[in-house]
Amino acid sequence: MGEWNKRFWFGVFALLPTVLWAEGSDYTELQNFVIQDCGSCHGLTLKGGLGPALRPGNLEALPAAAIAAIIREGVPGTAMPPWKALLTDHEIRWISEQLKSGALITPQSRPEVAQ
Ligand code: HEC
């Protein structure tokens, strides 16, 4: 098995549970995916890190559709990877709307972060 194959299958098995759970009726797993995976670069509270802050005030200039396009395709030449192979369009749209509204970082929706 080539190196690419190994990495591909590792990625599939590492991410499959996250993506499948996210298909359920509540979005807890998708929310955790954003906090953990996106948060590894954008900060666990989305205040920025390797990548820029993703709080509503930082995204004012970007409509939800533009954010969705960035998530889908990534930003070529930067560390921001494309996510279209891992997330459905529906999930990407949901994430974009959460980023615009700030729902992922409010204490009400993240009680464990508020403590
Ligand atoms: C490996 C690091 C990394 C990961 C993981 C990552 N990003 Fe990024 N992201 C970046 C970097 C770096 C940029 C800045 C690209 C640039 O210079 O334009 C960026 C840019 C963005 C932007 C554009 C912000 C702006 O103000 O222009 C959005 C939106 C975004 N990322 C969302 C996400 C989401 C949602 C996830 C999880 C699905 C995610 N990112 C995961 C590194 C990452």
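1. Just after H2, glycine 43 takes a positive phi of about 95°. Helices here are DSSP runs of H or I with at least four residues, strands are runs of E with at least two, and both are numbered from the N terminus. The residues buried in H2 are Leu30, Phe33, Val34, Ile35, Cys38 and His42. A residue is called buried if 20 or more other C-beta atoms lie within 10 Å of its own, exposed if 12 or fewer, and partly exposed in between, with C-beta atoms placed from the backbone.

2. On the basis of the note: this is a predicted model, in which local features need pLDDT of at least 70 and side-chain atom pairs count only at pLDDT 80 or more, while totals for chains, interfaces and linings use all residues. Residues are numbered from 1 along each chain as its sequence is written.

3. Overall fold. The protein has five helices and zero strands, giving the pattern α-α-α-α-α along the sequence. Of its 115 residues, 17% count as buried. Among contacts with a separation of 6 or more, 49% join residues 24 or more positions apart; a contact requires C-beta atoms, placed from the backbone, within 7 Å.

4. Ligand shell. There are 21 residues around the ligand, and Cys38, Cys41, Gly51, Thr78 and Met80 come nearest. By type, the shell divides into 15 nonpolar, five polar and one charged. In this division Ala, Val, Leu, Ile, Met, Phe, Trp, Tyr, Cys and Pro count as nonpolar, Asp, Glu, Lys and Arg as charged, and the others, Gly among them, as polar.

5. Nonpolar core. The largest core has 15 residues, and Val34, Leu99 and Leu104 have the most contacts inside it. The elements giving two or more residues to this core are H2, H3 and helix H4 (89–101). The largest share, five residues, comes from H2. A core of this kind is a set of buried Ala, Val, Leu, Ile, Met, Phe, Trp, Tyr and Cys residues joined through C-beta atoms within 7 Å. Not counting residues up to four places away in sequence, valine 34 touches Gly39, Ile95 and Leu104. In soluble globular proteins, nonpolar side chains tend to be buried together.

6. Helix H4. This helix has 13 residues and reaches 18 Å from its first C-alpha to its last, close to the 18 Å expected at 1.5 Å a residue; the expected span is 1.5 Å times one less than the number of residues. Its buried residues include Ile95, Ser96, Gln98 and Leu99. They lie on the same side of H4 because they cover an arc of only 165° around the axis, the arc being that of the directions from the helix axis to the C-beta atoms. Asp89 and His90, on the other side of H4, are exposed. The buried residues of H4 pack against H2 and H3. After the helix comes glycine 102, with a positive phi near 80°.

7. Leucine 46. This residue is found in the loop between H2 and H3. Leucine 46 is buried because 24 other C-beta atoms lie within 10 Å. Glycine 49. The loop between H2 and H3 also holds glycine 49. Glycine 49 counts as partly exposed because it has 14 C-beta neighbours inside 10 Å. Not counting residues up to four places away in sequence, glycine 49 touches Cys41, His42 and Gly43. Its C-alpha atom is separated by 8.4 Å from that of glycine 39, 10 residues apart along the chain.

8. Proline 56 and lysine 100. Proline 56 is found in the loop between H2 and H3, and lysine 100 has its place in helix H4. Proline 56 is partly exposed, with 15 C-beta neighbours inside 10 Å; lysine 100 is partly exposed, with 17 other C-beta atoms within 10 Å. Leaving aside neighbours within four places in sequence, proline 56 touches Lys100, Ser101 and Gly102, while lysine 100 is in contact with Pro56, Leu59, Ala64 and Ile67. Proline 56 and glycine 102 are 46 residues apart in sequence and 5.6 Å apart in space, C-alpha to C-alpha. For lysine 100 and isoleucine 67, 33 residues apart along the chain, the C-alpha atoms are separated by 8.8 Å.

Definitions and conventions: A residue is near a molecule or strand if its C-beta atom, placed from the backbone, lies within 6 Å of it. Two residues are in contact if their C-beta atoms, placed from the backbone, lie within 7 Å.
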